[in-house]
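Thanks for coming. Please look at the structure on the screen while I go through a few of its parts.

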Amino acid sequence: MNITDDFPVLRTLDPADREIDPNGPRARADLERILATDPALPAPTPRRTRRLAVSVALGTAAAATVAALVLPSALGGDKAFASWTSSPSGMSASKRADAANSCRSHQKSGSREYADQLKSAGTAISERRGAWTLVILAGRDGFSALCITDDSKHLFRSYFGAIGSTPPADRPSNRGLAPLVLGTGSIDGNELSVAAGAAGSDVTAVSYTSPTHGKVNATVSGGQFALWLPGNDLTNGSKGTTVQVTYRDGTTATVQLSL
C-alpha cells in the first residue's frame, strides 16, 4: 500500500457534504449574505508588530539603517513613568558624561556595525524627565544613537534605544526635521512613544500636543531633537505625526513628521 491508496478511505470519513445543491436554502442564504457585504469596508488592521524583539513597536526612518535594542529589567524603579515630566530638565556635567558613556557602552555591545561611528560621536542631547534619562549621541555621516533609561534603578540597566545613520538625501533642510525614530515601544512592560532625529539649523524648539498628556516639549540641541512620553500616542507614527516648530527668526509652523 502507498499513501495515495489511503485517500479514498479518508474521503469516506469526511462528514462534509460533497454534493452541494446551489439552489438549496443554505447555499442561497450564504450567497445573499456575501452579496450584502459592503465591499468598500476596509479590512481590520492589526496592530503592527515591528521587527524588534521584546515587545517593541518602533517606527524608524525608512531610508536609514537603524537597529534598536531593549533590555528588560527585573528591578523596581519608576515602572508607571510616575515621575515623567512633559518638559525636560538639564543634567550636571558629570551626570551628562556618565549617561553618555553608559549609552555608548550599551549600544556598542549590541550594534557592532556602528562601532567606529559610535566611538567618535559626541553628546548632542542629554536630558532628564523625572527619574528618566535620554541621551542622543550624534556624529559624522548622519549617525545618531538614542538611549532612554530609568535612572532610579541604575543607568541603562534596562533601556530603550535606537541607532543608525540617515543618508544625505534624507537629511533635513535648515527648517526641516528628519526623524530617525517615530513610533511606540516598551520598556519593562510599559509603553512609551518617541519622536527623535535630526533638526535643521534654524529649528530652535519642537513640541507635540498629546491627547492625554497635553503639550510635550522636545529638547533641541546639537542638530538633533527628541521628545518622548508614556503611552502609545505615536503607535501610528509611520503615518505621520503633527508637531509645532519654532524657528530661529521667531516664526512658528505646524509640521507633519513622517518616516
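Helix α3 covers residues 93–110, which is 18 residues, and at 1.5 Å a residue it should span 26 Å. The end C-alpha atoms of α3 are 26 Å apart, so the two values agree. The expected span here is 1.5 Å times one less than the number of residues. Helices are DSSP runs of H or I with at least four residues, strands are runs of E with at least two, and both are numbered from the N terminus.

A word on the source: this is a predicted model, where local features need pLDDT of at least 70 and side-chain atom pairs count only at pLDDT 80 or more, while totals for chains, interfaces and linings use all residues. Residues are numbered from 1 along each chain as its sequence is written, and side-chain values use heavy atoms, with hydrogens and water left out.

Back to the helix. The buried residues of α3 are Ala99, Ala100, Ser102, Cys103, Arg104 and Gln107. Buried means under 20% relative accessible area, exposed means over 50%, and partly exposed is in between, with a 1.4 Å probe and protein chains only.

What does Cys103 form with Cys147? They form a disulfide, with their sulfur atoms 2.0 Å apart. The cut-off for a disulfide is a pair of cysteine sulfur atoms within 2.5 Å, and a search of the whole structure finds one. The pair links distant parts of the chain: Cys103 sits in helix α3 and Cys147 in strand β4 (residues 143–150), 44 residues apart. The link is right-handed, with 75° about the S-S bond. Cys103 counts as buried because its relative accessibility is 0%, and Cys147 counts as buried because its value is 0% too.

Now the sheet. Four strands form an open sheet in the order β9-β8-β12-β13, with antiparallel pairing. The edge strands are β9 (214–217) and β13 (252–257), each of which pairs on one side only. Two strands pair if DSSP finds at least two bridges between them. Strand β8 (residues 203–210) is joined to β12 (residues 241–247) by four bridges, and Val203 stands opposite Tyr247 in β12. Six bridges join β12 to β13, where Thr246 stands opposite Thr252. The hairpin of β12 and β13 has four residues between the strands, and in it Gly250 takes a positive phi near 90°.

That is the last item; questions are welcome.
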